[in-house]
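Try each task before you read its solution.

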Amino acid sequence: MFLASGLIANLFGLPHLTWAFQLLSLVHLANSFAHFDITRFQRKLRFGPKAIQDVLPQLLTFLLAAPLAFYFADYRAVLCIIMIQVSLGVLLSHVLAQRKYEWSWNQAHIKTIFSFGWPLFLNTFLMIGIFQADRFIVGSVFNMETLGWFSAAFTLTLVPSTLLAKVLQSFFLPILSKHQSHPANFQYISIAMILILVIAGFATAVGFSVAGPSIFLLIFGEKFAAGAPIIALLGLMQGIRVAKEGPIIIALAKAKTKMPMATNMVRGIWIIAALASAVIYQDIKMLVWCGILAEFSALIYAFYYISNYNLARVKNIFLPSISSLVGTLIIFYLASNNISGMKPIQEIAITIFILVIFIPLFFYLNPIILRMFKIQGKKFDKF
């Protein structure tokens with residue numbers, strides 16, 4: 001990223017800000033010195049240290065955001081926030097660790113790590129490209145003002161959905177991994193987990209479809225009003241992405257690390273269509289629709305994969321998944337034609353009402369979820 005910073009800056013029409021892109025490359029360098037002992041804790045469902053590492057830097061930079069914004073009054077405030085957040089996160093990873101941090105080389109370990117991890121390593125680059133492609137296209141084809149409100153809308157929908165998917169993956173992956181040698185238990189947890197991810201995707205899409213425009217305008221103000229109409233579309237895209245995490249978690253628990261990479265390759269193919277639609281139609285909505293179709297294609301492939309390799313019985317979740325998708329599309333259609341973002345209290349209240357009705361109904365109609373929680377009690381990781 002450091003070496004490509006000049007090219008990146010020129011593509012955005014900002015050659016004088018090459019130094020800023022170079023500075024951002026230090027983020028990745030700093031992260032490479034993090035201690036991963038707190039990740040090990042999650043195997044025993046100990047999420048406290050990881051939560052502290054994630055929350056404290058966010059809280060500190062939240063408190064510093066306004067002072068830095070007033071002091072710099074430009075993009076440099078965001079650069080400072082990013083560098084402080086990353087540096088504190090790395091520091092906390094060492095403070096909260098139990099094992100000593102050191103470097104070593106073990107040929108057997110390296111071979112195991114490489115064989116398991118190379119698809120995940122490549123998948124990281126795919127994910128970076130996918131998450132940045134839309135904004136890159138907008139910045140190249142449109143202008144910086146459009147990129148500004150699009151990035152704000154994209155971030156508003158991306159962060160909560162990413163956090164939700166991350167939390168659920170951190171919770172279920174250790175549980176599934178422990179039961180991978182027990183087919184019956186593994187199937188039981190897999191089906192329940194997929195259903196939870198499906199309803200989580202439903203909640204994400206519905207929440208942003210109905211309350212999203214209001215929340216967006218409340219946070220970013222009228223200057224970013226152009227982004228409000230695409231919040232529902234971006235929410236639908238992120239909802240599908242959350243639902244897609246279910247099959248991915250199952251594949252990772254079975255050490256099928258090529259599956260996430262293949263899924264993102266399916267997703268990445270649509271970048272070409274997104275670029276073409278942006279150039280031809282000059283319409284942001286067409287760009288987002290390509291993203292929705294991309295996520296849906298990846299979702300279909302993910303379910304095909306776990307079914308083809310007999311990782312989970314997809315037929316058991318077919319009806320609930322289709323029902324949730326149909327319900328999501330109906331609410332999305334109604335919201336797109338009736339929600340303006342100008343009545344925040346009313347629209348947020350409607351969102352809460354919908355979720356309060358449909359989520360308990362979904363759990364009631366799929367008792368395997370409640371049964372799993374009931375059986376596990378406080379010792380959720382043991383049958």
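**Exercise 1: A loop residue**

A255 is placed in the loop between α10 (231-253) and α11 (258-281). Helices here are DSSP runs (H or I, at least four residues), numbered from the N terminus. This is a predicted model: local features need pLDDT of at least 70, side-chain atom pairs count only at pLDDT 80 or more, and totals for chains, interfaces and linings use all residues. Residues are numbered from 1 along each chain as its sequence is written, and side-chain values use heavy atoms, with hydrogens and water left out.

**Exercise 2: Two tyrosines**

Task: classify the ring pair of Y301 and Y305.

Solution. Step one: rings of Phe, Tyr and Trp (its six-membered ring) pair if their centres lie within 6.5 Å; planes under 30 degrees apart count as stacked, over 60 as edge-to-face, the rest as tilted. Step two: look at F121 and F125, an edge-to-face pair with 5.2 Å centre to centre and 75° between the planes. Step three: the centres of Y301 and Y305 are 6.2 Å apart and their planes lie at 55°, so this pair is tilted. Step four: Y301 and Y305 are four residues apart in helix α12, so about one helical turn separates them.

Notes:
Helix = DSSP H or I, 4+ residues; strand = E, 2+ residues; numbered from the N terminus.
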